[in-house]
Amino acid sequence: MGILIPGFAETIVSVVTFALIFLCMTKVLLPRINKVLDERKDAIEGQEGRAEQLTREAGEVLAKYREELAEARHEAARLRQEALEQGTQLIAQIRAEGLREREAMIVEAHARLAADRVIAETELRGDIVSLATELASRVVGERLEGLADSEIVDRFFSDLDDRSATGSH
């Protein structure tokens, strides 16, 4: 036979050797390879499971964080609104107190002006009477002391008050 075609004995030896190698591979080597592949598969699936669990936990933490952030923003808005209302109330109270003080000051000033006017009128009347008495004394040439208590002076100031009352209205 030729070089390329083996003989019967060589073929049998080759088939038996192939069968032995095949049996060794399927009985010894193949289970080990399958075991390593299964372990890798379990490790990968475990890592995927842990990654999914971590992703879920991260999502829950993120949702909780967003909820707390929304609550904090709501609380901050409520506090701002409350502070604004308190500020508005405080401004209104201060304004009302200022108006009350202003009114009290105006009333007090009017009272003071009225009192000062009465005092000034009294002093002025006394000065007018003394000047008029002195002037009349010079004109007449005698001392006229009782003029300050006379009816003429009272009538004069009464007429003057009546004129000023009708003229101012």
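The accessible surface of the protein chain amounts to about 15200 Å², and 63% of this belongs to carbon and sulfur atoms (Shrake-Rupley method, 1.4 Å probe; for residues, only the protein chains shown count as cover). The model is predicted: local features need pLDDT of at least 70 and side-chain atom pairs pLDDT 80 or more, while totals for chains, interfaces and linings use all residues. Residues are numbered from 1 along each chain as its sequence is written, and side-chain values use heavy atoms, leaving out hydrogens and water.

Turning to overall form, the protein chain has two helices and zero strands (DSSP runs, H or I of at least four residues for helices and E of at least two for strands, numbered from the N terminus). Its C-alpha atoms fill a box of roughly 190 × 30 × 25 Å along the principal axes. The radius of gyration is 61 Å, whereas a compact globule of 169 residues would have one near 15 Å (taken over C-alpha atoms; the globule rule is 2.2 Å times the number of residues to the power 0.38). Of the 169 residues, 4% count as buried (under 20% relative accessible area, with exposed over 50% and partly exposed in between; 1.4 Å probe, protein chains only).

Now to the aromatic rings. One aromatic pair is counted (Phe, Tyr and Trp, the last by its six-membered ring, with centres within 6.5 Å; planes under 30 degrees apart are stacked, over 60 edge-to-face, the rest tilted). The ring centres of phenylalanine 18 and phenylalanine 22 lie 6.2 Å apart with planes at 20°, so this pair is stacked. Both belong to helix H1 (residues 8-140), where being four residues apart separates them by about one helical turn. Phenylalanine 18 is exposed, at 59% relative accessible area, and phenylalanine 22 is partly exposed, at 47%.
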